[in-house]
Amino acid sequence: MKGAVLAFTLLCSLPAWGAINFVSASGTICSQTSASAGTACTLAGTTTPGNLVVAGLTWNSTSDSINYVLGSAPGSYFFPYAQVCNAGGSCSAILICHDCAALTTVTPTFTGQTSYNLSIAEYSGVATLGVTQTATGNS
């Protein structure tokens with residue numbers, strides 16, 4: 001009986017793991033076809049405070065880089081998670097805003113003038129982030 005009580009106590013004290021879910025209401029794709037140092041992208045819906053917001057960014061210049069990416073709410077900074085440039089002259093990056101505030105716009109800022117595409121996705125239930133796997137390759 002003591003073993004059953006101990007097992008029950010241990011099981012109840014473990015952290016609850018929730019499911020990670022895609023939140024489609026705020027998903028947005030913005031294209032800046034003329035050269036720009038950065039323009040605000042208005043989201044399809046306001047993000048939910050505390051969720052993870054992921055920005056996928058591609059641009060057409062290996063000589064320009066991301067200066068920063070900001071959300072419309074104070075303190076909503078996107079941190080680089082991965083970035084790669086290819087020999088053809090284009091670059092791609094994934095940036096994250098973990099435990100983000102409610103956002104209505106996301107603005108990328110570059111070190112120079114370039115055209116770009118910005119995709120925004122929101123996920124709920126993401127408790128932590130970390131590198132789980134790495135790989136290298138050529139494009």
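Select C97 and C100 first: these two cysteines form a disulfide, with their sulfur atoms 2.1 Å apart. A disulfide here is a pair of cysteine sulfur atoms within 2.5 Å. The torsion about the S-S bond of C97 and C100 is about 85°, so this disulfide is right-handed. C97 counts as buried, at 3% relative accessibility, and C100 is buried as well, with a relative accessible area of 2%. Buried means under 20% relative accessible area, exposed means over 50%, and partly exposed lies in between (1.4 Å probe, protein chains only).

Before moving on, note that this is a predicted model, in which local features need pLDDT of at least 70 and side-chain atom pairs count only at pLDDT 80 or more, while totals for chains, interfaces and linings use all residues. Residues are numbered from 1 along each chain as its sequence is written, and side-chain values use heavy atoms, with hydrogens and water left out.

S76 is placed in the loop between strand 4 (66–71) and strand 5 (77–85). Strands (E, at least two residues) and helices (H or I, at least four) are DSSP runs, numbered from the N terminus. S76 counts as buried because its relative accessibility is 3%. Show A73 too: the S76 side chain reaches the backbone oxygen of A73 at 3.1 Å.

Next, colour every cysteine bridge. The structure holds 3 disulfides. With the bonded cysteines of the protein chain numbered in sequence order, the pairing is 1-2, 3-4, 5-6.

Go to C30 and C41, which a disulfide joins with an S to S distance of 1.9 Å. C30 lies in strand 1 (residues 21–36) and C41 in strand 2 (residues 41–42), so the pair ties together parts that are 11 residues apart in sequence. The link of C30 and C41 is right-handed, with 70° about the S-S bond. Both C30 and C41 are buried.

Then select C85 and C91, joined by a disulfide at 2.0 Å from S to S. The torsion about the S-S bond of C85 and C91 is about 105°, so this disulfide is right-handed. Are the two ends buried or partly exposed? C85 counts as partly exposed, at 37% relative accessibility, whereas C91 is buried, with a relative accessible area of 1%.

Move to the aromatic rings. A search of the whole structure finds 3 aromatic pairs. Display F110 and Y116: their ring centres are 5.1 Å apart and their planes are at 40°, so the pair is tilted. Rings of Phe, Tyr and Trp (its six-membered ring) pair if their centres lie within 6.5 Å; planes under 30 degrees apart count as stacked, over 60 as edge-to-face and the rest as tilted. Both F110 and Y116 are buried.

Finally, zoom out to the cartoon. The protein chain has 1 helix and 8 strands, in the pattern α-β-β-β-β-β-β-β-β along the sequence. Of its 139 residues, 33% are buried.

How values were computed
Polar contact = N/O pair within 3.5 Å; in protein donor to acceptor, adjacent residues only side chain to side chain.
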